[in-house]
Amino acid sequence: MITSDAIVWNAPNDPHPARAASQRSYSAVAKGDLAEWLTVYAEDAVLEDPVGPSMFDPEGRGHHGHAGISAFWEKAIAPIATFEFQIDDSFANPGSNTCANIGRIRTSFPDGSHTTTDLIMVYVVDDDGRVKSMKAFWEPDRTMASFTPA
């Protein structure tokens, strides 16, 4: 499932469909591959990252469908030089379609500066294993407080 060296997975790693989808998502983001990332998401998916109003989603309604998710990519992912994911735990009950991952993401900007985001990411998949809902719980102010100049 993990196809990038930019992901450290310190969590349970069974083939749960939501866990597998989260790993595919992280791998696509780490590689900077929007087309691959969109294959992880259902056509009618909703992405909330972070949940609630933010600089990426002022009204806090989430990003809907592939068009909305692509627009989120352009705002939040495309400007980043590198992503490093560290997942320290993952909870996914057998027979469910949901997992919650706990970890951190280090984002490095083209000038070498970086931030670290501690977060919980909840993935819900459909019967085909594609993400229909992703909610990332993190606080922008805490992330910005971690800003380290180059």
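Colleague: Before we start, what do I need to know about the numbering and the model?
Modeller: Residues are numbered from 1 along each chain as its sequence is written, and side-chain values use heavy atoms, with hydrogens and water left out. The model is predicted, and local features need pLDDT of at least 70, while side-chain atom pairs count only at pLDDT 80 or more and totals for chains, interfaces and linings use all residues.

Colleague: Okay, in what order do the strands sit in the sheet?
Modeller: Seven strands make up an open sheet with mixed pairing, and their order is 1-4-5-6-7-2-3. Strands here are DSSP runs of E with at least two residues, helices are runs of H or I with at least four, and both are numbered from the N terminus; two strands pair if DSSP finds at least two bridges between them.

Colleague: And which ones are the edge strands?
Modeller: Those are strand 1 (7-9) and strand 3 (63-64), each of which pairs on one side only.

Colleague: What packs on the sheet?
Modeller: Helix 3, residues 65-77, does, and it touches strand 2, strand 3 and strand 4, where contact means heavy atoms within 4.5 Å. The direction of helix 3 makes about 45° with that of strand 2; axes are lines fitted to C-alpha atoms, for helices over the stretch in contact, and angles run from 0 to 180 degrees between N-to-C directions.

Colleague: Let's look at strand 7. How does it pair with strand 2, parallel or antiparallel?
Modeller: Strand 2 (residues 41-48) and strand 7 (residues 131-137) run parallel and are joined by four bridges, with leucine 47 standing opposite methionine 134 of strand 7.

Colleague: How many bridges does strand 7 have with strand 6?
Modeller: Strand 6, residues 114-125, pairs with strand 7 in the antiparallel sense over six bridges, and valine 124 has serine 133 in strand 7 as its bridge partner. The hairpin of these two strands has five residues between them, and glycine 129 there takes a positive phi near 80°.

Colleague: What about strands 4 and 5?
Modeller: Strand 4 (residues 82-91) and strand 5 (residues 98-108) are antiparallel and share nine bridges, and phenylalanine 85 stands opposite isoleucine 105 in strand 5.

Colleague: New topic: which residues make the nonpolar surface patch?
Modeller: Val51, Phe91, Ile102, Ile120 and Phe137 make a patch of about 420 Å². Patches are made of residues with over 30% relative accessible area and no salt bridge, joining like charges within 9 Å and nonpolar side chains (Val, Leu, Ile, Met, Phe, Trp, Tyr) within 5 Å; areas come from the Shrake-Rupley method with a 1.4 Å probe, and for residues only the protein chains shown count as cover.

Colleague: Why does phenylalanine 91 count as partly exposed?
Modeller: Phenylalanine 91, which lies in strand 4, counts as partly exposed because its relative accessibility is 48%, given that buried means under 20%, exposed over 50% and partly exposed in between.

Colleague: And how many salt bridges are there?
Modeller: The count comes to seven, where a salt bridge is a side-chain nitrogen of Lys or Arg within 4 Å of a carboxyl oxygen of Asp or Glu. One of them joins glutamate 48 to lysine 135, with the closest N and O atoms 3.8 Å apart. Glutamate 48 is in strand 2 and lysine 135 in strand 7, so the pair ties together parts 87 residues apart in sequence.

Colleague: Is glutamate 48 buried or exposed?
Modeller: Glutamate 48 is buried at 14% relative accessible area, whereas lysine 135 is partly exposed at 32%.

Notes. Buried < 20%, exposed > 50% of the residue type's maximum accessible area, 1.4 Å probe, protein only.
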